[in-house]
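Hi everyone, thanks for coming. I'd like to walk you through a structure today, so let's bring it up on the screen.

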Amino acid sequence: MNAMKALLQPIRRSVLCTGMAAVLALGVLPQRSIAQTAWPERPVRIIVPYAAGQGADVLTRLLTQELQKTLGQSFVIDNRAGVGGNIGAAAAAKAAPDGYTFLLGTNATNAANEFLFATPGFSPATDLEAVGMIGLLPMVFCTSSPDFPANGIAELIAGARARPDTLNVGLPSTTAQVVFAQFVKEAQAPLFAVNYKSSSQSMTDVLGGQIPLVIDTVTASRTHIASGKLRALAITSLHASEMLPGVKPVSEQGVPGFDVVAWDALFAPRGTPPEIVRKLSEHMQRALQQPEMRRRMMEIGVEPKSMSAPELDAFVKAERKKWGAIIQAAGIRSE
């Protein structure tokens, strides 16, 4: 009898080990496989922290149309506008990190707002993580006056220095204020800022001759540039953009290295499974390579720019540092 027990003991241990291995395989390995292959199993929500119909909303809908084709699942746009994007960003930051909620983040929500608002309601550095870049939104220096004594930035700087604080520049957004503040500092050009609440207001005044200059988005200014009502002096990206052929960047007109642009990117609540982040990031990068997607993005003033999650993370860290320094030095605050 004892001999029989001794004979069966190794067999029992073998069966037990095999059973434990099976349990581990069933309980752990398929979970990773699910995250990699089955996601998404239900509609995915993307919070856009701006109103429906605005540029960020239109861009998100373009992107999700492509993602739905390749991922085989619907994407739901959840517009949560208010407080400079903070309401929507805070909602995304507090969402369950299960791979079914993401944020359309911008230079405002993820780089500037923590320096503009005393209590933004979330921390972009600790509550959100990068998924992928979507595109850049350069700003443009424009004038409507045919006899304005400047055909480019070098002449604008010279004119500002000759008549300090007399050349008014319309600024319709916080982004425009940041571009202006950095330009005045780097170019040593004493221009005078005139803040507006919207592009429509500043465009009305510059086109009507009430102010000689405006800094605004490609989206807001390109139609007027094409019609000849506005003359573009420079674009604020480091390099020229095919969205405005022939318009040189500020960096090539006497202010080397100047590069202040708005941007849109996708973020996830901190703790979202890395396999899901990686998968969505890869599908985003593929979508941005589609010629029709690129064409439609540039039509709305967004230059496609693909970045992986690690690349976007490094970019946003640098942007947060840059935007924070400009905002604090200039004393810019949200109204």
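Predicted model: local features only at pLDDT ≥ 70, side-chain atom pairs only at ≥ 80, totals over all residues.

Let's begin with R296, which is partly exposed, because its relative accessible area is 32%. That puts the value between the 20% cut-off for buried and the 50% cut-off for exposed. You'll find R296 in helix α12, covering residues 291-299. Which residues does R296 contact, leaving aside its neighbours within four places in sequence? Those are L62 and Q65.

The mean pLDDT of the protein is 90, with 89% of residues at 70 or more. Residues 1-8 have pLDDT below 50, and beyond near neighbours in sequence that stretch makes zero contacts in the model. Residues 10-36 also stay under 50, and there the model has ten contacts beyond four places in sequence.

On to the sheet. It is open, with five strands in the order β7-β6-β8-β5-β9 and mixed pairing. The edge strands are β7 (192-195) and β9 (231-235); each has a single partner strand, so one side of each is left without a neighbour in the sheet. From one strand to the next, the twist averages 30°.

Zooming in on one pair, β6 (residues 168-171) and β7 run parallel and are joined by four bridges. Within that pairing, L171 has N195 of β7 as its bridge partner.

Finally, helix α10, residues 218-227, lies across β5 (139-143), β8 (213-217) and β9, and runs at about 120° to β8. Thanks, and I'm happy to chat!

Methods:
Residues numbered from 1 in each chain as written. Heavy atoms only, no water. pLDDT = per-residue confidence, 0-100. Contact = heavy atoms within 4.5 Å. Pairing = 2+ DSSP bridges. Helix = DSSP H or I, 4+ residues; strand = E, 2+ residues; numbered from the N terminus. Axes fitted to C-alpha atoms, helices over the stretch in contact; angles between N-to-C directions. Buried < 20%, exposed > 50% of the residue type's maximum accessible area, 1.4 Å probe, protein only.
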